[in-house]
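Subject: Handover of a structure and findings

Dear colleague,

Please find below the structure that I am handing over to you.

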Amino acid sequence: MVVFLQVCAFGVGLTAMSTSKHFAEKLMQIKALQMNLQKPYTWASGWHSPVYCDNRKTLSFPYVRDFVKSELANMVLEHFPDAEVIAGVATAGIPHGVMAADLLKLPFIYVRAKPKEHGMGNQIEGVLTPGQKVVIIEDLVSTGKSSLQVVDVLRAEGADVIGMCALFTYGFPVADEAFAKANVPLFTISNYQALMEVAEEKGLFKPEEKVTLEQWRVDPGNWNK
């Protein structure tokens, strides 16, 4: 099996820190991952959150971008060695999916949120043959709803969706249940738990605030109401 070397040019070896914590720290350094308990962020869903993650920013930092590319490729090789196609989730999952597919030398497709309203009316762009084993690349998993809608679209076109890889997950119980029900294994480079550990080590929140941060992860829809 081919193994791609992890690209690390930040002065911190992966032997001294887990990959998930290492990546969470880098996301914080480039301000792609931010925490604010005093002024929570508001998501499109209306939920309030003490954390905001914008993985698009990784594209502007070559060394972080290379790290993401190699980690995603390694993840596919380790967990889905039979993958035949890489599918990106539009729009944020597309660049990461393209880079991973290029490193793996696999075909790439992407899935729109809804069919085009002109032209061929495609929702899946690229060439997909029914029966092909597909791994989906997503940038961020929250509730899992939009990510799993992509699974439904691909399966409706005859794809054999064997799993999903993403950069970050909040680790919501509702997402874990949804992925288990859909029979889609999910693997991510980093997660909310790793963020919490890094933030605690750096003293970014008070000890009493740790409970509040954990309560948000367990029940984000009712947090701060």
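The second largest pocket is lined by Met 28, Leu 33, Gln 34, Met 35, Asn 36, Leu 37, Gln 38, Pro 50, Leu 204, Phe 205, Glu 209 and Leu 213. A pocket here is an open set of points on a 1 Å grid over the protein atoms alone, where a 1.4 Å probe fits and protein lies on both sides within 12 Å along at least five of seven lines; lining residues have an atom within 4 Å of a point. The volume of the second largest pocket is about 160 Å³, taken as the space filled by probe spheres set on the points, which are joined across faces, edges and corners. Strand E1 (33–35) and helix H7 (209–218) each give two or more residues to this lining, and E1 has the largest share with three. Helices (H or I, at least four residues) and strands (E, at least two) are DSSP runs, numbered from the N terminus.

This is a predicted model, in which local features need pLDDT of at least 70 and side-chain atom pairs count only at pLDDT 80 or more, while totals for chains, interfaces and linings use all residues. Residues are numbered from 1 along each chain as its sequence is written, and side-chain values use heavy atoms, with hydrogens and water left out.

The largest pocket has a volume of about 720 Å³. Among its 30 lining residues, Glu 138, Asp 139, Leu 140, Ser 142 and Ser 146 are the closest to its centre. H4 supplies the largest share of the lining, six residues; strand E4 (51–53), E8 and H4 each supply at least two.

Turning to the sheet, six strands form an open sheet with mixed pairing in the order E7-E6-E5-E8-E9-E10; two strands pair if DSSP finds at least two bridges between them. Its edge strands, E7 (124–125) and E10 (186–191), each pair on one side only. Strands E8 (residues 133–141) and E9 (residues 160–169) run parallel and are joined by eight bridges, with Val 161 in E9 as the bridge partner of Val 134. Helix H4 (residues 145–156) packs on the sheet and touches E5, E6, E7, E8 and E9, contact meaning heavy atoms within 4.5 Å. E9 also pairs with E10 in the parallel sense, over five bridges, and Met 164 stands opposite Leu 186 in E10.

Yours sincerely

Technical notes. Axes fitted to C-alpha atoms, helices over the stretch in contact; angles between N-to-C directions.
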